[in-house]
Amino acid sequence: MKKVFTGLAALLLLAVITQFYLAASGAFDAAPIEEAFQPHRVLGNVILVLAVVVTIAAAVARMPGRLIGMAGLAAGLVLVQSLIREVAKSFGDGGHFIFGLHAVNGLVIMGLIGMIVRQSRQISWTPAEPGRMAS
């Protein structure tokens with residue numbers, strides 16, 4: 001189960017990297033903003049669901065509490081992305097300064113998930129102690 005958790009975390013990292021690509025392609029698209037960023041928004045919702053699944057998988061796999069907490073933090077930070085967007089929209093034209101936090105938060109999310117993947121790989125691929133079954 002620990003290897004499944006690691007695989008899900010790696011998939012989440014890949015989705016976040018793809019999210020940056022979609023944000024950049026939306027920013028330079030000639031289509032209206034709502035249409036240009038539609039793939040970015042859809043993947044954002046998928047990332048939120050996947051982050052919650054990763055958190056649950058961490059608990060089920062009995063990963064160390066720190067990894068479970070980091071996975072939960074990642075899910076929380078993904079939720080903050082939508083909050084930043086809504087707060088920035090409420091400021092109208094002046095909200096672009098607040099919206100810049102959306103990108104900064106995205107970088108934090110990517111770094112955090114990268115740490116989760118690295119630490120879970122170390123745990124998942126460590127040989128089990130003699131007399132203990134690997135999970």
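The structure is a predicted model, in which local features need pLDDT of at least 70 and side-chain atom pairs count only at pLDDT 80 or more, while totals for chains, interfaces and linings use all residues. Residues are numbered from 1 along each chain as its sequence is written, and side-chain values use heavy atoms, with hydrogens and water left out. Helices here are DSSP runs (H or I, at least four residues), numbered from the N terminus.

**Packing of H1 with H3**

- Helix H1 (residues 2-27) packs with H3 at an angle of about 160°, and their axes are 9 Å apart; axes are lines fitted to C-alpha atoms over the stretch in contact, and angles run from 0 to 180 degrees between N-to-C directions.
- H1 and H3 are therefore roughly antiparallel to each other, a label used for angles over 145 degrees.
- The crossing of H1 and H3 is left-handed, meaning that the near helix is turned anticlockwise from the far one by less than a right angle.
- Residues that make this contact (heavy atoms within 4.5 Å) include Phe5, Leu8, Leu12 and Val16 of H1, together with Pro39, His40, Ile47 and Val54 of H3.
- By class, the contact of H1 with H3 has 18 nonpolar, four polar and no charged residues, where Ala, Val, Leu, Ile, Met, Phe, Trp, Tyr, Cys and Pro count as nonpolar, Asp, Glu, Lys and Arg as charged, and the others, Gly among them, as polar.

**Packing of H1 with H5**

- H1 and H5 pack at an angle of about 155°, with 9 Å between their axes, and they are therefore roughly antiparallel to each other.
- The crossing of H1 and H5 is left-handed, and the contact between H1 and H5 has 16 nonpolar, five polar and three charged residues.

- Val16, which is found in helix H1, counts as buried because its relative accessibility is 5%; buried means under 20% relative accessible area, exposed over 50%, and partly exposed in between, with a 1.4 Å probe and protein chains only.
- Leaving aside its neighbours within four places in sequence, Val16 is in contact with Ile47, Ile109, Met110 and Ile113.
- His102 lies in helix H5 (residues 96-124) and counts as buried, its relative accessibility being 15%.
- With neighbours within four places in sequence set aside, His102 is in contact with His40, Gln81 and Ile84.

**Thr55 in H3**

- Thr55 lies in helix H3, and a polar atom of the Thr55 side chain lies 2.9 Å from the backbone oxygen of Ala51.
- A polar atom of the Thr55 side chain also lies 3.4 Å from the backbone nitrogen of Gly72.
- Apart from neighbours within four places in sequence, Thr55 is in contact with Ile68, Ala71, Gly72 and Ala75.

- Arg62 is found in the loop between helix H3 (38-60) and helix H4 (65-90), and counts as exposed because its relative accessibility is 71%.
- Although Arg62 is not a glycine, it has a positive phi of about 55°.
- Most residues other than glycine have a negative phi.
- Val87 lies in helix H4 and, at 33% relative accessibility, counts as partly exposed.
- The C-alpha atoms of Val87 and Ile98 are separated by 7.7 Å, with the two residues eleven apart along the chain.

Conventions
Helices (H or I, at least four residues) and strands (E, at least two) are DSSP runs, numbered from the N terminus. Angles under 35 degrees count as roughly parallel, over 145 as roughly antiparallel, 65 to 115 as roughly perpendicular and the rest as oblique. A polar contact is a pair of N or O atoms within 3.5 Å; within protein, one must be able to donate a hydrogen and the other to accept it, and residues adjacent in sequence count only if both atoms are side-chain atoms.
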